[in-house]
Amino acid sequence: MSTDISTGLPQIWLPYTQMKTAPTPLVATRTEGTTIVLEDGRELVDGIASWWTACHGYNHPHIRARIGAQLERMPHVMLGGLVHEPVRDLSRRLAALLPGDLDHCFYTDSGSVAVEVAMKMAIQYWINRGVTGRKKLLSFRDGYHGDTLATMSICDPEEGMHSLFAGAFPEQVLADLPRDEALVDALDTLLAERNHEIAAIIVEPLVQGAGGMIFHTPDVLARLRVLADKHDVLLILDEIFTGFGRTGTMFACEQAGIVPDIITLSKALTGGTMALAATVARRHVFEAFLSDSPVAALMHGPTFMANPLACTAACASLEIFERESRLDQVAAISSQLCEELEPCRALPGVRDVRVLGAIGVVELDSIDDMNRLKAALVAHDVWVRPFRRIIYLTPAFTITPDALTKLTAAIQSVIREGAFRRAA
């Protein structure tokens, strides 16, 4: 039963929550590996890695040790006029890992802000080159790029979370992903007609995450690269969700063999330990900002930009990718998800089952009672957060086969029990 948690938690405003009617949240006291320990002693297997971040599981000893050592030396120093070894090390590592000449890293504190910076970069790129009028972004239906005011403008307007804000931000250009030749032709025509006002195309590669875990194939990205080049617009890939192994390669764009002009990264960047995001640009984008005029500089600078602790955590996370077989683990998770989620396809109310890398999705016809479904999953001692009409898994890459089976079995059980339907 829902209660008024606005009285039970008077100082806390929770995300994506109607505080008057939502159930009282569980209290977490400790994490270890892929387990969340609650205040009442219950242990939940985490199936979503804390919003897709904790790719190495919780409390990885290498990250913890590196952060501890950095904390003793220098927890923070402003990046304005100063640099430090953690940001130099991280920038070198990212430039070496990313494809092509994605060499120039600008740091922020969250994925939404990283996307905002990418938008500013793209628009100012044209301004600095003396091209006027290119101040819009082209994005795609079912896309999601963040909750700040500018990023809301490039999310699908029918997506739901931001519908109240219609008219509060500039109108952008919305299109369908070019999944087939007819849609390629339609996008080609749209770009031909409006490229004079479009600064960049932005897309989530391979998976539109918060829009419903909707997959598309690498050839879609290849088409976008061709069209961006043909119509002389920049291509931004939002890899905040997909970056760092989630789709089976270190970055999703590798599967298409393309290099975006700008890429955004966050979530698993620090292994789920600290807030950090990066907007990384190719050389030609960066060089458009080099000028004798201060006005041509990128005027953006979060206070905690490239925080030394967060940069240290990110370096430690990347070191783990070098030392441990994370992508092999992703492949094993993918195979197990395919095998163990497939039986859901035959259950009443299931529309689709799909798997890509360490992402497993069961799409239902509808979820009539989200709170009942979430409670049913917790009763199976798992932490899974369905949304819209999907139940999905994005576990840590270190999850054991037994723990993953516990997650997939719980999903099968709650669907078979009809826990997504309103109680009679």
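Analyst: Start with helix H13, which lies across strands S13, S14 and S16 and runs at about 170° to S16. Contact here means heavy atoms within 4.5 Å. The model is predicted: local features need pLDDT of at least 70, side-chain atom pairs count only at pLDDT 80 or more, and totals for chains, interfaces and linings use all residues. Residues are numbered from 1 along each chain as its sequence is written, and side-chain values use heavy atoms, with hydrogens and water left out. Helices (H or I, at least four residues) and strands (E, at least two) are DSSP runs, numbered from the N terminus.

Now the sheet under discussion. Its three strands take the order S13-S14-S16, and the sheet is open with antiparallel pairing. S13 (350–356) and S16 (390–393) are the edge strands; each has a single partner, so one side of each lacks a neighbour in the sheet. From one strand to the next, the twist averages 10°. Pairing requires at least two DSSP bridges between two strands. S13 and S14 (residues 359–364) have six, in the antiparallel sense. Within S14, leucine 364 stands opposite valine 350.

The axes of H11 (residues 326–341) and H13 (residues 401–416) come within 10 Å and cross at roughly 30°. That makes H11 roughly parallel to H13. The class covers angles under 35 degrees; over 145 is roughly antiparallel, 65 to 115 roughly perpendicular, and the rest oblique. Axes are lines fitted to C-alpha atoms, for helices over the stretch in contact, with angles from 0 to 180 degrees between N-to-C directions. The H11 side of the contact consists of Ile333, Gln336, Leu337, Glu340 and Leu341, and the H13 side of Pro401, Leu404, Thr405, Thr408, Ile411 and Gln412. By class, that gives six nonpolar, four polar and one charged residues.

Next, strand S11 (residues 262–265). Both of its faces are covered: Ile262 and Thr264 are buried on one side, Ile263 and Leu265 on the other. Buried is under 20% relative accessible area, exposed over 50%, and partly exposed in between (1.4 Å probe, protein chains only). S10 (residues 234–238) runs parallel to S11 and is joined to it by three bridges. There, isoleucine 263 in S11 faces leucine 237. S12 (residues 277–282) runs antiparallel to S11, with four bridges between them. Leucine 265 has alanine 278 in S12 as its bridge partner.

The loop between S11 and S12 holds lysine 267. Its phi is near 40°, a positive value in a residue other than glycine. Lysine 267 is partly exposed, at a relative accessible area of 25%. Serine 50, in helix H2 (residues 49–52), also has positive phi, near 50°. At 34% relative accessibility, serine 50 counts as partly exposed.

Glutamine 208 belongs to strand S8 (residues 207–208) and counts as buried at 1% relative accessibility. Valine 87 sits in helix H4 (residues 85–97) and is buried at 6% relative accessibility. Setting aside neighbours within four places in sequence, valine 87 contacts Leu79, Tyr107, Ala306 and Cys311.

Key. Nonpolar A, V, L, I, M, F, W, Y, C, P; charged D, E, K, R; others polar.
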